[in-house]
Amino acid sequence: MSIVRRFPQTDKLSYDPISDTAILLGDFIGATPVVGVRKAELSSGAILLNELQAFEEVVINGNCIVKGGVSSPRITIVTSGATPTIILGDIYGPSSEKREAASLLRVQGDGEAFIQGTIISDRIEFSGRVTVVGDIFALQELKIEGPALVMGRVMVGSEDSPGRAYISRSTIYQLFATGEVVLGEGVTLVSPVAVVKGGRILWRDSSGSEKLFSEAETSSVRVFSFPCLFCPKVRNPLLCEKYLDGECDAFESLRSYDYSSVKEKNMSVLSWMWRASPSIVAQNLLAKRMFTITRSLYNPRVDTGSRKINEIAHTEYPSYIIQEALTRFREAAGTYAEVVKKTLTDLLEDYYKKNNKEYIRCPKCGVPNPVDAKICIYCGEALGGKTA
């Protein structure tokens, strides 16, 4: 039987027809799909501007750029050094009902990975610095030990197959799961909602002990809101190094009392929606704006000669995307805060006047408050204004 050579042997692509393995060497630059092989590997420095697919395994090493989808039952991204590995496309691991045949995406190493697209796999493991601009679907198991930033929704498990998630040292947009979720130290929610169906939300402390989130004294999830957005002490407040290192407590957070169990629906919920605060309304509007803005940054152009992405050096591209998003967030923040403040002021004034009730204005923000209020319901300032 003759062996079919799927790829020509060149000085930039090595193909082994016996093992059906294609290796894109470090100086490889190509726009032809690499698909239909048992195994595909990108050596450090390779650039592929098309689809990458293998029947058994894909390995992407450090300092690589892939613009296109990546698909395989087993995908490993190995990062190293100061140069990021960049994937501009969706990552897909075909699902299997058998746990031993589950697809796996693993990101590991001492460098940085930047993924701009949707991720779907049975099992997903992040054990290094990762930024994902897109949603994550872990059909069976998710483990994120970070530091990781996920500007998208994280979903774990399904009705037919409950999953399990462990997340620490990570910032994510929202979290939804069927099964069980364990949160560790250093977790941030942008839109502060975590919902688990058919299971519980647990807290794992620094000693490794796990308790129900509502029963753990140290349980805390940072909420990325206005104080963090405008913090001058760090360059990337979304993934705040001071918070991850335990050096900051100047943030809003979800605590044990924000956890609730809805027994009739078999759901556990971690959220601050029950708190009646105008600042929460503004923060929720801001979170939705963040979601929209990050999606608008998709489909960048790649210049293979200069290794630039949208005219930005690929080494700076992950940082550029985050800073661009933060700039747009900050531009929108003031508008949202003013809209909430004006709406609240108008509603309260109308209520007090219709019911012939006296009120005082906050000397700081001007929002009407009951005459016996000790602090402003909008900004928390101690009150001392005159009756209007």
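The model is predicted: local features need pLDDT of at least 70, side-chain atom pairs count only at pLDDT 80 or more, and totals for chains, interfaces and linings use all residues. Residues are numbered from 1 along each chain as its sequence is written, and side-chain values use heavy atoms, with hydrogens and water left out.

**Aromatic rings**

The structure holds seven aromatic pairs. Rings of Phe, Tyr and Trp (its six-membered ring) pair if their centres lie within 6.5 Å; planes under 30 degrees apart count as stacked, over 60 as edge-to-face and the rest as tilted. Helices (H or I, at least four residues) and strands (E, at least two) are DSSP runs, numbered from the N terminus. Both phenylalanine 114 and tyrosine 317 are buried, where buried means under 20% relative accessible area, exposed over 50%, and partly exposed in between (1.4 Å probe, protein chains only). Ring pairs also link Phe114, Tyr317 and Tyr320 into a cluster.

Tyrosine 352 and tyrosine 359 make a stacked pair, with 5.0 Å between centres and 15° between the planes. Tyrosine 352 and tyrosine 359 are buried as well.

A charge sits over one ring: arginine 204 lies over the face of tyrosine 166, 4.0 Å from the ring centre. The criterion is NZ of Lys or CZ of Arg within 6 Å of the ring centre and within 35 degrees of the ring normal.

| Residue | Relative accessible area |
|---|---|
| Glutamine 323 | 18% |
| Proline 147 | 14% |
| Serine 220 | 14% |

Contacts here (heavy atoms within 4.5 Å) leave out residues up to four places away in sequence. Glutamine 323 is placed in helix 4 (residues 317-354) and touches Arg235 and Asn236.

Proline 147 sits in the loop between strand 16 (136-144) and strand 17 (148-156). Its contacts are Gly128, Arg129, Val130, Arg169, Leu239 and Leu244. The C-alpha atoms of proline 147 and alanine 31 are separated by 32 Å, with the two residues 116 apart along the chain.

Serine 220 occupies the loop between strand 23 (210-212) and strand 24 (221-223). Residues in contact with serine 220 include Trp203, Phe213, Tyr243 and Phe251, and also Ser253, Leu254 and Arg255.
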